[in-house]
Amino acid sequence: MRRTLQAIPLLLAISVILYAILYNMPGGPLAPYLQNPHITAADIARLKHNLGMDQPVPIQYLKWLGHILVGDLGYSTSNSEPVFQALIERLPATLELMGASLFISIGLGVGAGMISAVYRYSVTDYVITTLAFFGQSMPVFWFALMMQLAFAVHGIPLPGGYLIQLPSAGIANSDTFDFGDRLVHLILPATVLSLLGLATFSRFMRSSLLEVLGTDYMRTAAAKGLSFRTILFKHGLKNALIPVVTIIALSLPGLIGGAIITETIFAWPGMGRLFITALNQSDLALLMGYLVLIAFLVVFSNLLADVAYAWLDPRVKYD
Amino acid sequence: MAAPSVPVGTAFADEEARFSKVTFWTRLRRHKLAVAGLVVLALMVIAAALAKQLSPFDPNAIDNVHWQGTPLPPCFQDASICGGHALGTDDVGRDLLSRLLFGARISLAVGLSAVIMEVLIGTILGAIAGYYGGWIDYALMRVTDVFLSIPLLPLLLVLTAIVAASSTRAALSFGVIVIIIGALSWPTVARLVRASFLSLREREFAEAARAVGNNDGRIIFRHLLPNAVAPIVVQATLDVANVIIVESTLSFLGLGIQPPTASWGNMLSDAQSNLEIAWWAAVFPGLCILVTVLAINYIGDGLRDALDPNMR
């Protein structure tokens, strides 16, 4: 409960900083008029007055905050629709991509980390840890280009004359929903976006499980005569996963950043690509709305991780 | 009362330092991949430093003799038409190898400078928060909360876009990029330093330093900070790798180092449109980023093992 209350001033502080940054952004709603010779200084002043831009900055901020609290994020100049609507329209595509990536990276990452820990110092372990290092060092945008080069431009030949070729842009070929088509479009971007998480989670899972395997209660379980499989899955895995939950929540900001790049390169119609478009057109309201939304998501997911942590591990107490 | 010329505890600290210096090198040498990383990074630094001497061509010059509108292939692929460009040219006929060498300068210099800035800010703020505690600590830590809650990449993009829009994109000089990245990435270091200081200030030698009348600044920088260096060094090393990726990402999206100055990121941005016909322009710059970042990450890993095996 106290953690929840702490999130409120945090969100307020974030909003002040974001407002301060974007208030200084040149361009803005009046930019199209300033260059127009038919518009006089008096017109500009009237426009400013109508938009409330002649009021003190703190007042403007409070008004803006009031609008945000009721879900009004302003009007997007580049999309000619309310910001909230523009973002919400793109949210499903982004969630589809991020969800698929998280699914891949958690599933494979935890699995690989487990194998690595159980067969410590084996060839498999070395291969997995080396690959994880590569994954963490890989620039997302270059990995995306290489995947496009391999799977979209050239295609991967299979024995028997088959060629794997995957679409490199967009979310689907037609407006009507076709699951197979959607899935095929999802493969490349989701693979690209999942790489960093996959590498991070596998490294954390490895060290976390290694730590658990060395504890006294694991030795006790082994001494009771339980099989290794039972020990691993019933006692080891449960405890090793606890810190990984936190890492997954903490990886969200990186995932959002990765989604911006991935969506831009793969022409994925999500919020990240919308953000880049807004950036190129100085669409202040949209940039602001996006930053507010993702900051809220991050704070919320951290809160969720704290709660989950305390629930999974009763030894942890927040006072 | 004058402060004693030899601070209490220094002799002991020196012994400890000499001892750990020996074990540090033996431990680091045991980490084979960190050693390999050091070698690779050293080569990269030499190549960057000697970019002018090593470059076969002017990195910004267009090869008007051979280039006919399409990128020239590397010599190992087709020696008859490569025009002497060992790794080929980019889409406008500039020598790829020369641009890679000059790009190394940008990447390494941005990485190092931004991390120096980040470490300076983070160490000072973290030390103040950890040493004084109380409301100063609370306020500073809430500030780091704010910074850590806003995803870095969009924030960086917005800031660089503001700079670009307020004058011209050319305003996104090396210095501006470094300052923006450095100014946003200090919170991790600050938290690390704070955590060390919270425990260090309770130790006997800190108490002793206080008892003989040292002022706070001297205690913080002369007595406590040397004991908090290990985690800072590890974090700083890993952050150099992160900054190199961040800079190349910004440049790739057109909001980093501006052309014609070559950076690995903006070279990849140019290569994107010619992916079908010029694989080399897309492969080599990325390979440079990957190898450099990988080398630094392995060095960081080795440092972590060498400085404190219990630290994870």
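Which residues does A:Val299 touch, not counting residues up to four places away in sequence? I looked it up: A:Val299 touches A:Ala7, A:Leu10, A:Leu11 and B:Ser149. Here two residues are in contact if their C-beta atoms, placed from the backbone, lie within 7 Å.

**Ground rules**

I'm working with a predicted model, where local features need pLDDT of at least 70, side-chain atom pairs count only at pLDDT 80 or more, and totals for chains, interfaces and linings use all residues. Residues are numbered from 1 along each chain as its sequence is written, while chains are lettered from A and ligands numbered from 1 in the order in which they are written.

**More on A:Val299**

I found A:Val299 in helix H13 of chain A. Helices (H or I, at least four residues) and strands (E, at least two) are DSSP runs, numbered from the N terminus. Is A:Val299 buried or exposed? A:Val299 is buried, because 20 other C-beta atoms lie within 10 Å. The cut-offs I used are 20 or more other C-beta atoms within 10 Å for buried, 12 or fewer for exposed, and partly exposed in between, with C-beta atoms placed from the backbone. I also checked A:Pro253, which is 46 residues from A:Val299 along the chain; their C-alpha atoms are separated by 10.0 Å.

**Both chains, quick look**

I get 13 helices and 4 strands for chain A, and 13 helices and 0 strands for chain B. The C-alpha trace of chain A spans about 85 × 65 × 35 Å along its principal axes. Of the 319 residues in chain A, 35% are buried; for the 312 residues of chain B I noted 45%. Then I looked at contacts between residues at least 6 apart in sequence: in chain A, 71% of them join residues at least 24 apart. In chain B, 72% of the contacts with a separation of 6 or more are between residues 24 or more positions apart.

For the classes, Ala, Val, Leu, Ile, Met, Phe, Trp, Tyr, Cys and Pro count as nonpolar, Asp, Glu, Lys and Arg as charged, and the others, Gly among them, as polar.

**The core**

Next I looked up the largest nonpolar core, which has 153 residues. Such a core is a set of buried Ala, Val, Leu, Ile, Met, Phe, Trp, Tyr and Cys residues joined through C-beta atoms within 7 Å. A:Phe141, A:Ala144, A:Leu287, B:Leu156 and B:Leu268 have the most contacts inside it. I followed up A:Phe141: leaving aside neighbours within four places in sequence, A:Phe141 is in contact with A:Ile261, A:Ile265, B:Thr249, B:Phe252 and B:Leu268.

**Two helix pairs**

In chain A, the axes of helix H5 (residues 83-118) and H6 come within 8 Å and cross at roughly 140 degrees. That makes H5(A) oblique to H6(A). On the H5(A) side I see A:Ala112, A:Ile115 and A:Ser116, which meet A:Thr124, A:Asp125, A:Ile128 and A:Thr129 in H6(A). By class, this contact has 3 nonpolar, 3 polar and 1 charged residues.

In chain B, the axes of H11(B) and helix H13 (residues 279-307) come within 9 Å and cross at roughly 170 degrees. H11(B) and H13(B) are therefore roughly antiparallel to each other. The residues of this contact divide into 14 nonpolar, 5 polar and 1 charged.

Angles under 35 degrees count as roughly parallel, over 145 as roughly antiparallel, 65 to 115 as roughly perpendicular and the rest as oblique.

A:Tyr121 is in the loop between H5 and H6 of chain A. A:Tyr121 has a positive phi of about 65 degrees although it is not a glycine. A:Tyr121 counts as exposed, with 8 C-beta neighbours inside 10 Å.

Notes:
Axes are lines fitted to C-alpha atoms, for helices over the stretch in contact, and angles run from 0 to 180 degrees between N-to-C directions.
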